[in-house]
Amino acid sequence: MNTRRGLRSIFAMPLLLALVSIAGLVVALTGDDWRDGAAWAALAIPILAVGWAMKARRT
């Protein structure tokens, strides 16, 4: 069994979560109306990912 993982596979998900968080913060700072909902959705994704990871690790 090969346990070595490349840097791309290790840092892909944290990088994606960082980009989504930054996009959510920028959208929240640039306007109102639909942008508020988009910002809430974008900022909720990392929180949901952490919850999913914690649940997956316990099982």
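**Close-ups of a predicted helix pair**

**View 1. Asp33 sits in the loop that links H1 and H2.** Helices here are DSSP runs of H or I with at least four residues, numbered from the N terminus. This is a predicted model, so local features need pLDDT of at least 70 and side-chain atom pairs pLDDT 80 or more, while totals for chains, interfaces and linings use all residues. Residues count from 1 along each chain as its sequence is written, and side-chain values use heavy atoms, leaving out hydrogens and water. Asp33 isn't a glycine, yet its phi is positive, at about 60°. Most residues other than glycine have a negative phi. With 68% relative accessible area, Asp33 is exposed (over 50%; buried is under 20%, partly exposed in between, with a 1.4 Å probe and protein chains only).

**View 2. H1 and H2 pack with their axes 8 Å apart.** The angle between them is about 155° (axes are lines fitted to C-alpha atoms over the stretch in contact, and angles run from 0 to 180 degrees between N-to-C directions). That makes the pair roughly antiparallel, a label for angles over 145 degrees. H1 goes past H2 in a left-handed crossing, with the near helix turned anticlockwise from the far one by less than a right angle.

**View 3. Ala49 belongs to H2, which covers residues 34-58.** Ala49 is partly exposed, at 24% relative accessibility. From Met13 to Ala49 is 36 residues in sequence, but 9.6 Å in space, C-alpha to C-alpha.

**View 4. Phe11 is part of H1, residues 7-30.** Together with Leu7 and Ile10, Phe11 makes a nonpolar surface patch with about 320 Å² of accessible area (Shrake-Rupley method, 1.4 Å probe, with only the protein chains shown as cover). Patch residues have over 30% relative accessible area and no salt bridge, and nonpolar side chains are joined within 5 Å; a salt bridge puts a Lys or Arg side-chain nitrogen within 4 Å of an Asp or Glu carboxyl oxygen.

Definitions and conventions
Patches are made of residues with over 30% relative accessible area and no salt bridge: like charges are joined within 9 Å, nonpolar side chains (Val, Leu, Ile, Met, Phe, Trp, Tyr) within 5 Å. Helices (H or I, at least four residues) and strands (E, at least two) are DSSP runs, numbered from the N terminus. Angles under 35 degrees count as roughly parallel, over 145 as roughly antiparallel, 65 to 115 as roughly perpendicular and the rest as oblique.
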